[in-house]
Amino acid sequence: MANTFKLKVVTPDGVLYQKDVYLLKVNTPKGYTEILPRHMSYITPVTEGVMEIVDDEKLKTRVTYKVGNGLLYVEKENTTLLLESEAIKVEGK
């Protein structure tokens, strides 16, 4: 699909999340960053905060996790987030 990208979130315990998504929002040293389809190639550290994943353009399906530090790799159609610790799902989001 042209309006999504492949996201893979990995913790020390293994793959936490792997799916086609519309948006990823994570905290970086410069503030929150949003990744959308066809984002330019990008590598950045991720800092402790909230990670939000949106599955569709209508912004209806959201998954939210509390995460620690990590590293975000964005390529043409694939994005990988490597986390240093486990992520905790935030209920009700």
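In what sense do E8 and strand E9 pair, and over how many bridges? In this predicted model, E8 and E9 (residues 78-83) pair in the antiparallel sense, over five bridges. Three residues separate the two strands, which form a hairpin. Within this pairing, leucine 71 stands opposite leucine 82 in E9.

Strand E1 (residues 5-11) runs antiparallel to E2, and seven bridges join the two. Phenylalanine 5 has valine 21 in E2 as its bridge partner.

Four salt bridges are found in a search of the whole structure. One of them joins the side chains of aspartate 20 and lysine 6, at 3.5 Å from N to O. Aspartate 20 lies in strand E2 and lysine 6 in strand E1, so this pair ties together parts that are 14 residues apart in sequence. Aspartate 20 is partly exposed, at 31% relative accessible area. Lysine 6 is also partly exposed, at 47%.

A salt bridge also forms between lysine 66 and glutamate 48, with the closest N and O atoms 3.8 Å apart. Lysine 66 lies in strand E7 (residues 62-67), and glutamate 48 in the loop between E5 and strand E6 (49-54). The two are 18 residues apart, and the pair links distant parts of the chain. Lysine 66 is partly exposed at 43% relative accessibility, whereas glutamate 48 is exposed at 53%.

Glutamate 52 and arginine 62 meet through their side chains in a salt bridge of 2.4 Å, N to O. Glutamate 52 lies in strand E6 and arginine 62 in strand E7, so the pair ties together parts ten residues apart in sequence. Glutamate 52 counts as buried, because its relative accessibility of 17% falls under the 20% limit. Arginine 62 is partly exposed at 35%.

Arginine 38 lies in the loop between strand E4 (31-35) and E5. Its phi is positive, about 65 degrees, although arginine 38 is not a glycine. At 61% relative accessibility, arginine 38 is exposed.

Notes
Residues are numbered from 1 along each chain as its sequence is written. This is a predicted model: local features need pLDDT of at least 70, side-chain atom pairs count only at pLDDT 80 or more; totals for chains, interfaces and linings use all residues. Side-chain values use heavy atoms; hydrogens and water are left out. Two strands pair if DSSP finds at least two bridges between them. Helices (H or I, at least four residues) and strands (E, at least two) are DSSP runs, numbered from the N terminus. Buried means under 20% relative accessible area, exposed over 50%, partly exposed in between (1.4 Å probe, protein chains only).
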